[in-house]
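Please read it with the structure open.

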Amino acid sequence: MSFAAGLEICGKHKDVIVVEFNDGSYFKDIKVTIRKEMIENYEQICNIKIGSSVAIDAFVRICREEPNFFLDVSNCVLIGNSNLDYPLKERAKLFLEDYRKVPHLRPRTNTFAAIFKIRSMLYNKINDFFFKRGFTYINIPTNSSLKKQGKTSYASNLAIQCFSMAFSNVYSFGPLSKNKIQENNDIAYDALVVESEMEFCNLEVDIFIAEELVKESICYILKECTEELEYLSQICNYSLIDRLTWICDTEFVKIDYSDFFKILYKNQELFEHKLKWGDSLEKEHIVYLTNSVYKKPTFILNSPRSSDSFYIKQNGDKTEKAFKLYIPDFGEMMEGSQREANTLVLKSQMENSRLNLKDYEWYLDARKYGSSEHSGLKLELENLLMYITGINNIQDVIPFPNRLNKILDD
């Protein structure tokens, strides 16, 4: 067999060196023994630096003991030698924040190889989830007129609603520019956001799809990325496999906002932020909900109306047909809502939100010429990825994150 891979010498003897290889096709490294009598350039190989690229010819020798085979190297050719100042040569002494200084090199480490392999598998699984259910993929351009006006929070959602009128079930899955404050840094990044829209669908069905999406995606990663999860568990100091298995086997809780508010109100002494009905929930309230009250993933339904949600169907009691999903030891995972289908009501809600109706004539047309009950959801891939991998900082699950202040300075 022949292959090309990155190399690291992990042991030397008089006439033998033990080398670890990895070409990225499998998570675990392959150890091979190179003997002086087997190759002509043995001295050159002995001086290869960590991170160098080589091409190897080897014979596979089967054995009974683990790992059940050995590679007898018959030829080893240096393709690209590394320098002595390779930043990752002392990986045992580095922390996650150290790797953020070299985002172009960190995928070569086991930690980030595991994270980005799971990211790739998760992206493919989410697409597969919708494809198998008959959804049509719609690519929404990032330079739409609404996004230029700064309304990125719902521009793509409004656009795919128009396509749902033709295909019934549609989804988009693409980048959305965002920024998030973590560790006192304002991080700018392109989040991968999946948004779906379903005609002839109410909030109850929307929530059912949301729960299925989370569970099915996690179960898939459990099955396909076991080695990566086991490795990342060493960093988190707890079993990711146990936590994710629990999610897959647990029935999610569903509670109305008003009912949850009553629970919070009775226990106000526990919280720094005192709530009155209609307030947004703070982190401490979410932690109490998921970790102390229900101890399960929880949907909060029928939340108070928000000023920018003109397209969400109202309940008539100062609440709207919407949900947010909260996960224990994480927080908000995703959101969704039932949309308003009545054109007159939409106009009224736009006016109440002080929007320019001319900017939304196209959207009103889509509902004026035939409409139906419809709902949709939104999930940021990075949120689900952080939960799956146990990584707490958004910078560590994105290929090339940027600090916003650095971008502005440039």
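The points below take up the basis of the model, then a helix, some strands and the cysteines.

1. Basis. This is a predicted model; local features need pLDDT of at least 70, side-chain atom pairs count only at pLDDT 80 or more, and totals for chains, interfaces and linings use all residues. Residues are numbered from 1 along each chain as its sequence is written, and side-chain values use heavy atoms, with hydrogens and water left out.

2. Helix 5. Helices are DSSP runs of H or I with at least four residues, strands are runs of E with at least two, and both are numbered from the N terminus. Helix 5 covers residues 155-167, 13 residues in total. From first C-alpha to last it reaches 19 Å, close to the expected 18 Å. That expected span is 1.5 Å times one less than the number of residues. Ser 168 follows the helix, with a positive phi near 70°.

3. Buried side of the count. Buried means under 20% relative accessible area, exposed over 50%, and partly exposed in between, using a 1.4 Å probe and protein chains only. In helix 5 the buried residues include Leu 158, Ala 159, Ile 160, Gln 161 and Ser 164.

4. Val 170. This residue sits in strand 7, residues 169-182. Val 170 counts as buried because its relative accessibility is 0%. Its C-alpha lies 6.9 Å from that of Ile 160, 10 residues away along the chain. Contact means heavy atoms within 4.5 Å. Beyond four places in sequence, the contacts of Val 170 include Ile 160, Phe 163 and Ser 164, as well as Phe 135 and Ser 196.

5. Ser 196. Here we are in strand 8, residues 185-199. Ser 196 is also at 0% relative accessibility, so it counts as buried. Leaving out residues up to four places away, Ser 196 touches Val 170, Phe 135 and Ile 160, among others. Arg 339, Ser 375, Gly 376 and Leu 377 are also among its contacts.

6. Strands 9 and 10. Side chains alternate along strand 9, residues 253-256. Two strands pair if DSSP finds at least two bridges between them. Lys 254 has Phe 299 as its bridge partner in strand 10.

7. Cysteines. How many disulfides are there? The count is 0, taking a disulfide as a pair of cysteine sulfur atoms within 2.5 Å. Cys 46 is buried at 11% relative accessible area. Cys 76 is buried at 0%.
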